[in-house]
Amino acid sequence: MKEKAYQQDQQMSIALSCSNRQSDSPYLPGGTITGVHGRWRGRVKDSGHDKLGRWSYQSLLGKNGRFLTVISVYRPCSGGESSGDTTIAYQQKMDLIDANRSKENPREAVLKDLKDFILKLHGKKHSIVVIGDMNEDTTDESNRIARFL
């Protein structure tokens with residue numbers, strides 16, 4: 001996918017994330033893309049994804065040596081890990097098991113790990129923008145994601 005995007009627009013920088021899980025189906029949901037285009041491309045100093053494929057990011061160098069990191073996140077739906085091996089929740093549950101984190105809920109694990117990543121970036125004085133599909137109402141204070149944000 002990255003090569004295809006680059007063929008279309010050589011002024012683009014992208015970071016992708018997806019699960020490394022194998023499936024019998026050609027359809028494997030989930031994954032993210034974080035992209036920068038045009039004059040901003042030259043400001044990208046770091047990019048990547050988390051090892052479980054739940055988010056991608058790009059860090060741009062701004063004025064006065066300040067960094068802005070844009071993180072694109074996909075958080076699985078509630079209860080999805082029991083819906084079959086093609087769901088992102090199931091993929092993430094299996095990835096957590098492989099990482100010796102079998103007792104963790106994928107929806108909570110992504111927030112825990114994302115918080116750790118953001119705190120690491122804050123320690124380096126980065127400003128942070130988080131975008132994504134959190135599969136929860138971010139405006140309802142009773143929801144976990146609203147409290148997280």
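**Aromatic pairs**

I counted two aromatic pairs, taking rings of Phe, Tyr and Trp (its six-membered ring) as paired if their centres lie within 6.5 Å, with planes under 30 degrees apart called stacked, over 60 edge-to-face and the rest tilted. The model is predicted, so I noted that local features need pLDDT of at least 70 and side-chain atom pairs pLDDT 80 or more, while totals for chains, interfaces and linings use all residues. Residues are numbered from 1 along each chain as its sequence is written, and side-chain values use heavy atoms, without hydrogens and water.

I looked up W55 and F117: their ring centres are 5.7 Å apart and the planes stand at 35°, so this pair is tilted. W55 belongs to strand β4 (residues 55-61) and F117 to helix α3 (residues 106-123), so the pair links parts 62 residues apart in sequence. Helices (H or I, at least four residues) and strands (E, at least two) are DSSP runs, numbered from the N terminus.

I then checked Y57 with F117, which is also a tilted pair, at 4.9 Å between centres and 55° between planes. Y57 is in strand β4 and F117 in helix α3, so this pair ties together parts 60 residues apart in sequence. I recorded W55, Y57 and F117 as one aromatic cluster.

**Burial**

Y57 is buried at 12%, and F117 at 13%.

**H126**

I found H126 in the loop between α3 and β6 (127-133). H126 is buried, with a relative accessible area of 9%.

Notes:
Buried < 20%, exposed > 50% of the residue type's maximum accessible area, 1.4 Å probe, protein only.
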